Amino acid sequence: MLSNESIKTSINLITGLLVFIKLFGYLKGYITFIFLIIWSLPFIIFLYLANKLSIKSYQSFSFVLLIYFLSASLRVFGISPMLHDLLEILFITIMFIICILAPKSIRNNM
């Protein structure tokens, strides 16, 4: 079972990596600055709620992660996938699994 601190640490780390991957895409010219901000905003909001260990936020953000997963899947399984797209889909999948398992662990640890 995950401890509350390990849940917070893993969410912070994976969110940071996902935003860094998108920032890398912006610096390479694959996306615009507006898209970077709009894409990162749900993660920033979730980060605040996740660090407060809000169970509802984990459950709600799982749905948002499914949308991000579908979006990344279109790029990865397209004609020419790039390495940062593959990393993005990997980190989104890991974060989804954590968000699914975290509410039970948070409830048991409180």
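A: Helices here are DSSP runs (H or I, at least four residues), numbered from the N terminus. Each axis is a line fitted to C-alpha atoms over the stretch in contact, and angles run from 0 to 180 degrees between N-to-C directions. The model is predicted, so local features need pLDDT of at least 70, side-chain atom pairs count only at pLDDT 80 or more, and totals for chains, interfaces and linings use all residues. Residues are numbered from 1 along each chain as its sequence is written, and side-chain values use heavy atoms, without hydrogens and water.

Now the part itself. Helix 1 covers residues 4-28, and helix 2 covers residues 33-51. Their axes lie 10 Å apart, at an angle of about 175 degrees. The two helices are therefore roughly antiparallel (over 145 degrees).

Next, the contact (heavy atoms within 4.5 Å). Helix 1 brings K8, I11, N12, T15, L18, V19, K22, L23 and Y26. Facing them in helix 2 are F33, F35, L36, W39, S40, F43, F46, L47, A50 and N51. These contact residues divide into 13 nonpolar, 4 polar and 2 charged. Charged means Asp, Glu, Lys and Arg; nonpolar means Ala, Val, Leu, Ile, Met, Phe, Trp, Tyr, Cys and Pro; the others are polar.

K8 has another partner. The side chains of E5 and K8 meet in a salt bridge, at 3.9 Å from N to O. The cut-off is 4 Å, from a side-chain nitrogen of Lys or Arg to a carboxyl oxygen of Asp or Glu. E5 and K8 are 3 residues apart in helix 1, so about one helical turn separates them. The whole structure has 2 salt bridges.

Notes. Parallel < 35°, antiparallel > 145°, perpendicular 65-115°, else oblique.
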